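Biologist: Please take a close look at the aromatic rings in this model and at what surrounds them. Give the cut-off for each term as you go.

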Amino acid sequence: MKKLFMTIAICMAGVSAASAKNLTVYFSVSGNTERLANAIYENAGGDIVRIEPVVAYPVDDYHNKSFTELAQTEKSEQARPEIKDIDLNLDEYDTIFIGYPIWWGSMPMAVYTFFDKYDLSNKTIAPFNTHEGSGAGDTHGEIARLEPNAKIAAGLSVYGTNTSDDQTETIKSWLEKIED
């Protein structure tokens, strides 16, 4: 009987490990990061969720003056805009793909709110971002500081304007680096 319980426990542990999934989490205003997130989700599988501020940004145009002023004010004040709850059991996931645009060399403050709100300890965090020439800035280092008990995988940076093109090969190559 004891042997039977041990076998069941071992099988249950195997099922638990085998059912671990990837989670793609992203923040997007213009749609560039959303397109990249969807392409990553299609290639990596798992689940996908969007970080959404409770109070939406004024427009979906990065160059709108009221939008840029608000985003710059949030950054200079280190604000943490409230985000909508994401109903997830993070215990189900081993790898979290986290995506964001680069705003003035950094992540949008709503992404900082996400890191403040959700504990990603013991997860592999694979950051990806869109930009218009700045690359990832120091965002990978910043994520490592925000989540000191997580493993930070190699990141992926894509020009936002290139997200309209097929990024499948770029994503597959990046995913192979993460698996190593």
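Modeller: F27, Y57, W103 and W104 are linked into a cluster by ring pairs. Rings of Phe, Tyr and Trp (for Trp, its six-membered ring) pair if their centres lie within 6.5 Å; planes under 30 degrees apart are called stacked, over 60 edge-to-face, and the rest tilted. This is a predicted model, in which local features need pLDDT of at least 70 and side-chain atom pairs count only at pLDDT 80 or more, while totals for chains, interfaces and linings use all residues. Residues are numbered from 1 along each chain as its sequence is written, and side-chain values use heavy atoms, with hydrogens and water left out.

There are 8 aromatic pairs in the structure. One of them joins W103 and W104 edge-to-face, with 6.5 Å from centre to centre and 75° between the planes. W103 counts as buried because its relative accessibility is 4%, whereas W104, at 32%, counts as partly exposed. Buried means under 20% relative accessible area, exposed over 50%, and partly exposed in between (1.4 Å probe, protein chains only).

F128 and W174 also form an edge-to-face pair, at 6.3 Å centre to centre and 70° between the planes. This pair links distant parts of the chain, as F128 lies in strand β4 and W174 in helix α6, 46 residues apart. Helices (H or I, at least four residues) and strands (E, at least two) are DSSP runs, numbered from the N terminus. F128 and W174 are both buried.

W174 is buried in α6 along with I171, L175 and I178. These residues are on the same side of α6 because they cover an arc of only 100° around the axis, taken from the directions from the helix axis to the C-beta atoms. E169, E176 and K177 are exposed on the other side of α6. Cover for the buried residues of α6 includes α2 (32-44), β3 (93-101), β4 (124-131) and β6 (156-159).

For the chain as a whole, 41% of the 180 residues count as buried. Of the contacts between residues at least 6 apart in sequence, 79% join residues at least 24 apart, where contact means heavy atoms within 4.5 Å.
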